[in-house]
Amino acid sequence: MISIKSNHEIELMRKAGEIVGNTHNYLKNYIKPGITTKELDTLANDFILKSGATPSFKGLYGFPGAICISVNDEIVHGIPGKRKLKNGDIVTLDIGACYKGYHGDSAWTYPVGNIRPEIAELLNQTEESLFSGLSVIKEGIHLGEISNAIETTARKYKLGIVKELVGHGIGTEVHQQPDIPNYGKKNTGPILKEGMTLAIEPMLNMGSADVAMLDDDWTIVTMDELPSAHFEHTVLVTKDGYEILTKR
Ligand code: MG
Ligand code: MG
């Protein structure tokens, strides 16, 4: 079942989303060659706590970090650690915050220093895929329309669409019904209603769609070791469209 949020719940989700957006704005100033992913994680943890929320992913299914930090060919669930960011890397910060029991979730891939033009394109094209998915959202559409819009943009750029990882409903838990794949057909899946809250998150690879799991049992990487990008917003479905809750 897909939950419909009351006005009060939506207020709490706006606040959770605002904290996530602010955390992104705060952290992006620290993304420079030489900083470790653990240092970024500590900054995120402290910022979220100071904002009156808790990091959603800390301890979720046993995850050890406050946020997920994935570099280059790492797609998702990178564990913060001693790794130093280098000029030319890309880094995805996937940030969740829980405010009074309600979650916001947003991932964004950032360049570290100067990146190669083809990697900059991957970032732009994945961000565009996110917004093409968002652009179709309103009460009354089938969920598959979002998936189809993301897929159409990703295919236009010949990107590898990660199949194993999907967007999701969100609310009192980070991951709720429904699953939202980044590929699919129009006129399939449940019909959206005003008051649903969804995390839309294309994860797109420069090369093939195939993935592998690292020995840490968390980090998912591209099989061909080419870079991957990830852009995510938590949104509210409205009568005529959508509202981004994790605004920047
Ligand atoms: Mg996320
Ligand atoms: Mg998510």
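Helix α3 (residues 117-135) and helix α4 (residues 143-156) pack with their axes 7 Å apart, at an angle of about 155°. Helices here are DSSP runs of H or I with at least four residues, strands are runs of E with at least two, and both are numbered from the N terminus. Axes are lines fitted to C-alpha atoms, for helices over the stretch in contact, and angles run from 0 to 180 degrees between N-to-C directions.

Before I go on: this is a predicted model, in which local features need pLDDT of at least 70 and side-chain atom pairs count only at pLDDT 80 or more, while totals for chains, interfaces and linings use all residues. Residues are numbered from 1 along each chain as its sequence is written, chains are lettered from A and ligands numbered from 1 in the order in which they are written, and side-chain values use heavy atoms, with hydrogens and water left out.

Back to the pair. α3 and α4 are roughly antiparallel to each other; the classes are under 35 degrees for roughly parallel, over 145 for roughly antiparallel, 65 to 115 for roughly perpendicular, and oblique for the rest. The contact (heavy atoms within 4.5 Å) involves Gln 125, Glu 128, Ser 129, Ser 132 and Gly 133 of α3, and Ile 146, Ala 149, Ile 150, Thr 153, Ala 154 and Lys 156 of α4. By class, that contact of α3 with α4 has four nonpolar, five polar and two charged residues. Nonpolar covers Ala, Val, Leu, Ile, Met, Phe, Trp, Tyr, Cys and Pro, charged covers Asp, Glu, Lys and Arg, and the others, Gly among them, count as polar.

Next pair. Helix α1 (residues 7-28) and helix α2 (residues 37-50) cross at roughly 140°, and their axes come within 10 Å. That makes α1 oblique to α2. From α1, Ile 19, Asn 22, Thr 23, Tyr 26 and Leu 27 meet Leu 40, Leu 43, Ala 44, Phe 47 and Ile 48 in α2. The contact of α1 with α2 divides into eight nonpolar, two polar and no charged residues.

Asp 105 lies in strand β5 (residues 102-111) and Glu 232 in the loop between β13 (228-230) and β14 (233-237), so the pair ties together parts that are 127 residues apart in sequence. Asp 105 is buried, at 2% relative accessible area, and Glu 232 is buried at 0%. Buried means under 20%, exposed over 50%, partly exposed in between, with a 1.4 Å probe and protein chains only.
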